[in-house]
Amino acid sequence: MTFRRPLLRLLPLAFLLAAAALRAEPAPLDPAALPPAWQTRLQALSAPAALRVAFTETRGTPLKKKAVVVNGVARLARDRGLSLEYGRDDALLILDEQGLLLRRPDGRDQPAPAEAESGVRLLHALFTFDLPTLAKDYAITAEEKTGDAWSLVFERREGSEAYHRRLALAGEATRLTGIQLERDARHRIVIALEPPKISSAFTTEELARYFR
Amino acid sequence: MRPRHSLILLLLVAAVCAGWLLSLDPRTRFTTDVTELLPADERDPEARLALSLVKERQARVVLATLDASPGASAGSLAEAAESFAATLRSSPAFAAAEPLSDSASRRRLGPLLHSRRFDLLLPGWLAAQRAEWNAGFQPASDFPSWLAAKTVAALDARVASPEGAAEADLLASDPLLLLPDLAARASSLPSAPTAPAGRALIWAETRDNPLAEAGQQPVFDALAAATSAAAEKLPGLVVRDTGVARFAAAAKASTQTEIARLNIIALVAVLALTALFVRRVAGLLHLVPLVLLATAVATAVTTAIFPRVHVIVFILGALLCGVAVDYAFHVLLARRPGEDYAARARRIALPLLGGAGTTIGGFLALTFSELPLVRQLGVYVASGAAAGLGLTLLYFTLFPRLDLAPRAWRLPALPPAAHRRRPLLAALLAAVAAFGLARVHWHDDLRDLEYPSPALRAADADLRAAFGETNTGATYLTRGKTLAEARARWGAFAAAAPADARLASVGLLLPEPAAYAAAHSAESREQLAAFAAAFRAEADKAGFDTDALAPFFTDFAAWLAAPAPDYETLMRDTLRAVPGPLGLLAHADADDAWLISNAPRAIPVPDALQAGTRSLSGIQGLNHLFARYRAESLRLSLAGIGVLVVLSCAMHGPRLGLRIAALPLLATGLALGLLALRGEAFGMFHLLGALLGVCLADDYAHFAHADDGSPDGRASIRLSAVTTAASFAALTLSAIPAVAALGSTVALVVLLALVFVETDLLSLRRHG
């Protein structure tokens with residue numbers, strides 16, 4: 001039967017269309033009127049008191065023909081902020097309510113310049129899932145994907161002076177799996193997160209070493 | 001002398017003094033500057049540094065905080081701060097003013113360093129690379145190729161580092177990592193402080209020295225105008241400021257008040273006590289012109305000799321009230337019925353001249369001091385005492401029959417047994433004096449001369465803390481005839497410092513002169529040109545997009561093609577362009593250049609480097625100088641006492657002369673001994689007080705010896721001692737520690753001398 005062959009050829013396409021039909025379309029998200037599912041998800045995401053997660057950062061830079069790939073460990077303490085450790089001999093990046101701090105291996109702390117304050121404030125809001133703060137500079141789009149996958153995309157609003165033109169968070173259920181920070185086409189950072197290790201608290205030594 | 005001639009002479013003296021004093025410009029002839037108490041040509045190097053620092057830019061900094069009322073927006077506060085700074089900049093009193101909270105300095109410093117990165121930073125980078133190359137064995141490649149590979153590796157690591165994510169734009173023009181390396185080394189350099197929400201910080205620099213009049217009131221006026229301008233932008237704004245000018249102005253105002261207050265208290269005390277000893281109180285009005293004239297002569301002579309006189313000399317000169325009236329008491333209370341004025345003057349001439357001569361001689365000895373204050377004080381008191389004596393003798397020729405009608409104070413006579421025990425008692429008192437003097441401990445502090453302003457100091461500390469300034473850490477000053485010499489010396493000091501010393505200096509921004517010369521040598525230029533080509537190839541091989549590095553290649557090629565700027569000119573231009581507080585950490589003029597370094601903890605300066613670098617410890621560091629001046633004052637005071645003893649012996653013969661001299665020496669020794677036993681720490685002004693006390697007590701000893709046994713024989717000593725003690729006791733009310741110390745010492749010496757005269761402890765009286 002000759003008519004059956006074209007149908008067979010269209011079968012994969014039909015499956016794709018069916019799968020697409022099961023996913024929700026990206027939709028604007030108003031932080032002031034969050035749907036219950038998002039409320040639950042964001043609460044769960046910001047719940048852990050102490051979280052340790054390995055990550056792989058793919059850093060697009062105009063200086064290099066290919067993106068630079070680095071690995072590290074992120075630590076998130078609910079009351080203290082975020083700490084990024086790239087390597088034993090590298091500086092730590094600490095992001096908290098006071099701003100961004102570079103802690104050199106010899107213990108010296110160097111805060112980010114004051115002019116970076118607004119950009120740092122938005123990054124802090126991103127890592128603490130503070131959508132109302134982000135919404136002032138970014139239009140937020142939420143997307144539910146197959147299974148428990150989801151994404152939040154933040155597009156810089158017209159007139160905003162935010163450093164990054166686009167931010168994105170991706171996750172599965174109550175776990176964050178990816179972060180994107182995009183300044184322009186050539187400055188783009190993609191961070192893939194491993195499953196986290198969650199504990200009730202960091203030790204005193206960890207708090208002193210990784211946070212301020 | 002006939003009364004008419006005396007009057008003409010007195011009027012002439014008054015007219016000359018008034019004319020001279022009125023012709024003086026008080027702003028240029030009188031000073032409240034504490035640094036002028038030290039010799040301008042002081043030989044101590046640290047003192048020279050401190051003296052030059054307070055006259056340079058560092059002392060001209062004014063800091064201000066602007067606090068907005070709750071609810072004010074950050075934007076309106078920033079606008080008010082800019083308006084404040086702009087108003088200051090438009091004032092001729094200010095050379096610079098800028099809000100610090102907006103990182104204006106940093107924004108200007110970054111481009112400055114970037115534009116001169118090859119001139120300032122590449123020489124040091126190249127020297128370090130060459131040292132590493134020389135230390136290793138690199139047969140496989142030449143220096144440019146080795147350097148290119150190493151630089152690309154470092155750049156690769158930097159791009160992958162945490163900082164690299166934010167540095168792509170910078171690294172495109174600085175792949176040698178000159179600026180990131182500087183940032184790492186210079187992270188402890190002072191930067192713009194962070195102001196909390198609701199507060200703006202303003203840093204400003206005045207044009208004139210804050211210790212001069214032009215650096216005070218015009219500055220305060222400009223600050224007031226700036227405050228009004230800022231308040232217009234943001235009502236409810238609270239503005240506070242601090243600077244050396246505030247302290248200098250407060251000290252000046254307080255000192256002027258103090259002069260008036262102490263002189264009035266001393267005068268009132270003298271007049272009140274005199275009224276207890278004489279019946280015709282109205283006659284005391286005759287003392288007023290004498291005191292005024294003696295003070296005017298002393299001031300005129302002092303200002304004629306010294307181009308600038310410190311006002312503290314006049315505070316101490318309050319004592320002239322007591323000294324000047326002494327002679328009047330002696331002349332008036334020596335009056336005998338039927339004796340004319342000329343005979344009376346002849347009769348008391350010897351004790352008068354003896355007393356005045358020792359005072360004048362003792363204080364003239366102080367004019368050999370190297371300390372301007374002590375020299376000025378010596379001239380002031382000596383000329384005041386001489387004028388006081390001369391004017392008194394002249395003045396009373398106009399009133400030869402003036403009788404104050406002294407009250408007879410009969411003190412109970414000592415029993416004969418007590419008379420016999422006087423030598424024993426004198427020996428016992430001398431032992432007490434020696435015991436006390438053996439326990440003297442010295443406390444030399446230049447701040448004893450300052451009028452304390454605790455409220456102003458607390459406000460200043462509070463404001464400076466807001467700007468991130470604290471009193472922790474250590475400060476060093478490296479000096480040279482040129483910036484090249486200063487930088488080379490600083491390099492040696494930094495190299496000798498421990499690795500963890502975190503020595504921060506603006507010297508980090510300047511290349512070593514030797515490295516600068518080496519970087520511009522023909523060989524280096526050739527190697528750097530080869531390096532540029534090798535670096536491009538290495539970068540391409542390592543995956544870099546060399547087109548993205550075009551800003552570097554363009555700038556580097558232009559730098560290599562340009563002639564090398566003169567080191568001294570380039571560095572001076574750079575330091576002049578360095579904005580804000582950082583620019584104050586270096587100085588260069590035609591004769592001198594220096595760099596300031598800071599470290600979180602003290603670093604020993606090796607002996608071999610002491611000639612170039614010294615630790616600065618602020619005004620307290622000058623205290624060792626004060627100790628030296630005190631030791632010198634002690635020598636001069638002892639010389640003055642030697643003069644006194646010699647004069648006494650010359651007038652009365654050795655035996656009596658020594659007995660007469662023993663009275664002031666015992667009174668002074670016992671006074672100092674008692675103060676020492678009380679635990680008082682001694683300084684230079686105790687010594688000056690002791691010298692004055694010796695002179696006054698010697699005066700009484702001469703008159704005690706001249707006592708003819710009449711009922712009024714000791715009345716003049718009594719009145720003189722009591723009034724002198726009162727006027728010096730007034731000085732103990734001074735808030736200036738040095739003045740209070742002088743007052744308490746003299747008052748005690750004089751009172752003890754009076755007791756010794758009344759009890760005739762040293763058997764000086766010819767008529768028992």
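Predicted model: local features only at pLDDT ≥ 70, side-chain atom pairs only at ≥ 80, totals over all residues.

Colleague: How many residues of chain A are in contact with chain B, and how many of chain B with chain A?

Modeller: Going by that cut-off, both sides of the interface can be counted. Chain A brings 25 residues and chain B brings 27.

Colleague: What area is buried between chain A and chain B?

Modeller: Carbon and sulfur atoms give 55% of that area. The total buried between chain A and chain B is about 2100 Å².

Colleague: How many salt bridges does the rule find across the interface of chain A and chain B?

Modeller: The rule wants a side-chain nitrogen of Lys or Arg within 4 Å of a carboxyl oxygen of Asp or Glu. A:Arg104 and B:Glu163 pass it, at 3.9 Å from N to O. Across the interface of chain A and chain B, the count is 5.

Colleague: And which strands of chain A each supply at least two residues of the side that touches chain B?

Modeller: On the side of chain A that touches chain B, the residues divide into 11 nonpolar, 3 polar and 11 charged. The strands that each supply at least two of the residues there are S3 (68-77) and S12 (187-193).

Colleague: Let's look at the chains one by one. What share of the residues of chain A counts as buried?

Modeller: Chain A has 5 helices and 13 strands, and its accessible surface comes to about 12100 Å². A residue counts as buried when its relative accessible area is under 20%. Of the 212 residues of chain A, that share is 42%.

Colleague: In chain B, what percentage of contacts between residues at least 6 apart in sequence join residues at least 24 apart?

Modeller: Chain B has 30 helices and 11 strands, and 54% of its 768 residues count as buried. For the contacts you're asking about, the figure is 83%.

Colleague: Which residue forms a salt bridge with B:Arg347?

Modeller: The closest N and O atoms of that pair are 2.9 Å apart.

Colleague: Where do B:Lys541 and B:Glu538 both lie?

Modeller: Their side chains meet in a salt bridge at 3.6 Å, N to O. B:Lys541 is exposed at 65% relative accessible area, while B:Glu538 counts as partly exposed at 22%. They are 3 residues apart, about one turn of the helix, and that helix is H23 (residues 522-541) of chain B.

Colleague: Now the backbone. What phi does A:Phe129 have?

Modeller: Most residues other than glycine have a negative phi. A:Phe129 lies in the loop between helix H3 (117-127) and helix H4 (131-135) of chain A, and A:Phe129 is buried, with a relative accessible area of 11%. Although A:Phe129 is not a glycine, its phi is positive, at about 55°.

Colleague: And which segment of chain B holds B:Asp760?

Modeller: B:Asp760 also isn't a glycine, and has a positive phi of about 50°. Its relative accessible area is 11%, so B:Asp760 counts as buried. The place of B:Asp760 is in the segment after helix H30 (737-758).

Definitions and conventions:
Residues numbered from 1 in each chain as written. Chains lettered and ligands numbered in written order. Heavy atoms only, no water. Contact = heavy atoms within 4.5 Å. Buried area = accessible area lost by both parts, 1.4 Å probe. Helix = DSSP H or I, 4+ residues; strand = E, 2+ residues; numbered from the N terminus. Nonpolar A, V, L, I, M, F, W, Y, C, P; charged D, E, K, R; others polar. Buried < 20%, exposed > 50% of the residue type's maximum accessible area, 1.4 Å probe, protein only. Areas by Shrake-Rupley, 256 points an atom, 1.4 Å probe, with all protein chains shown as cover.
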